Amino acid sequence: MEPDRLLLLCRPGYEGDTAAELQAAAGAMGFPGYCRAHADTGRVTLFTGAGTITDFTDHWRLQGAIFPRQAFLTTDPVPLPDRDRVGALLAALGDCAVSELVTETPDSEAGRAWTRLARALSAPLRQGLAAAGLWQPGSDAPRLHLLLDDDGAHLGLAPAGLDDPRPGGIPRLKRPKSAPSRSFLKLEEAWQTFLDPAERDRALQSGMRAVDLGAAPGGWSWLLQRRGLEVLAVDNGPLKGEVATAEGVTHIRADGFTWRPPRPVDWLVCDMVERPQRVAALAADWFAAGRCRYAVFNLKLPMRRRYAAVEECREVIRGHLGSTPARLGIRHLYHDRDEVTAFLGPAPGQ
Ligand code: SAM
C-alpha cells in the first residue's frame with residue numbers, strides 16, 4: 001500500500017474548519033495542500049500538490065492541531081465485497097507489517113451504522129495479518145487503521161506520533177451518578193489532553209485553590225472539589241445539586257470579567273458564554289499577571305468561520321501574554337460542541 005493522502009476525522013459539521021486548518025498548516029510548511037471535505041461526514045482528506053504526503057506528516061502533529069481528532073495516511077478506499085472481506089483488505093495492504101490495529105468509524109449518523117461491522121472485522125483481520133506474517137505487536141511498525149463508512153473501507157497507516165491510538169480519537173470518560181451534568185466532562189478531557197499523567201498529579205493536588213468563572217450550575221466546580229481543590233465559584237446564577245452545599249466550594253455572585261481573587265490561585269477555569277476574544281483576553285491577563293498558574297477556558301464559536309475565529313483568539317492570547325512564557329494549547333475536544341477549549345500552563349522547563 002502506498003499512501004498518497006492524509007485522512008482526518010473531526011466532529012461532523014467541522015469539515016470546513018478542519019480543511020481550512022490543514023490547508024493553512026500545509027501552506028505554512030511550503031506545500032500547496034488541498035482538501036476534500038464532504039459536509040457532515042466527519043471526514044476530511046488532505047492531498048499535497050507537491051512533495052509526498054509524508055513530507056508533510058513528518059512535521060505536522062495531531063497533538064498540536066485544533067479540529068482533527070484522528071489522522072492516518074491512506075489511499076483510495078477499498079470497496080468491501082460481500083464475501084472474504086479480510087482477503088480484500090489484506091490484498092489492499094500488500095506486504096506492509098503493522099504493530100497494532102485500530103478499527104473505527106466517523107462520528108456521524110452515517111458513520112455509526114458501520115460500527116458493528118468494523119468491530120466484527122477486527123479479530124479476523126488480526127488473524128489474517130498474523131497468518132501472513134505481518135502482525136508485529138510491540139515493534140516500531142506503523143499502526144493499521146480500518147475506517148468504515150459509506151465510501152468503503154479506508155485502510156490507513158500511522159507511524160509513531162501521527163495518530164491517536166483511541167478509535168476515532170475519542171476518549172471514553174465515565175460519568176459518575178453524582179455528577180450534576182455532562183459539562184464536567186469538558187474539564188476532565190481538557191486535563192487529559194493538555195497534561196500528561198505526571199503533570200496532572202503535580203498540578204492537581206488536594207488543597208490547591210481554583211477559581212471557576214461562569215460556574216453555574218456547577219459541573220466544573222464539582223469536579224475540582226472532587227479532586228480536593230478549594231473552589232471559588234463565580235456566577236450570578238445559582239449552583240445546583242450537591243455542589244451548592246459542598247465543603248470547599250464558595251459561591252460568589254459577581255461578574256466574572258471584573259471580579260479578581262484576593263490572592264493568586266493555582267487554577268483558573270472559565271466556561272462563561274461570551275465573545276471568545278473577550279474570554280481569551282481575560283484568561284491571558286490572569287495568567288500574565290500571575291493570578292493563576294494554570295488556566296482552562298472555553299471559547300464559544302457560534303460563528304460560521306470558526307477556524308479564523310480561533311486563530312484570532314490565539315493572537316489575542318499572545319498579545320495579552322506579551323513576554324510571559326507560557327504553554328498554550330487549543331483543541332476542539334470530543335465533549336466540546338460549538339466551542340473549543342484552551343489551556344495555559346507554565347512553559348516547558350519552568
Ligand atoms: N461550567 C458550568 C458547569 O459545568 O456547570 C457551566 C457554565 S454555563 C455554560 C455558563 C455560565 O456562565 C452561566 O451560568 C452564566 O450565568 C455564566 N456567565 C455568563 N457571563 C457571566 C459573567 N459575566 N460573569 C459570571 N458568570 C457569567
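Me: Among contacts in the protein between residues at least 6 apart in sequence, what percentage join residues at least 24 apart?

Reply: A contact here means heavy atoms within 4.5 Å; among those between residues at least 6 apart in sequence, 67% join residues at least 24 apart. This is a predicted model, in which local features need pLDDT of at least 70 and side-chain atom pairs count only at pLDDT 80 or more, while totals for chains, interfaces and linings use all residues. Residues are numbered from 1 along each chain as its sequence is written, and side-chain values use heavy atoms, with hydrogens and water left out.

Me: How many helices and strands does the protein have?

Reply: Helices (H or I, at least four residues) and strands (E, at least two) are DSSP runs numbered from the N terminus, and on that basis the protein has 10 helices and 14 strands.

Me: What share of the residues is buried?

Reply: Buried means under 20% relative accessible area, exposed over 50%, and partly exposed in between, with a 1.4 Å probe and protein chains only; buried residues make up 53% of the 350 in the protein.

Me: Which residue just after H8 takes a positive phi?

Reply: That residue is Gly228, with a phi of about 95°.
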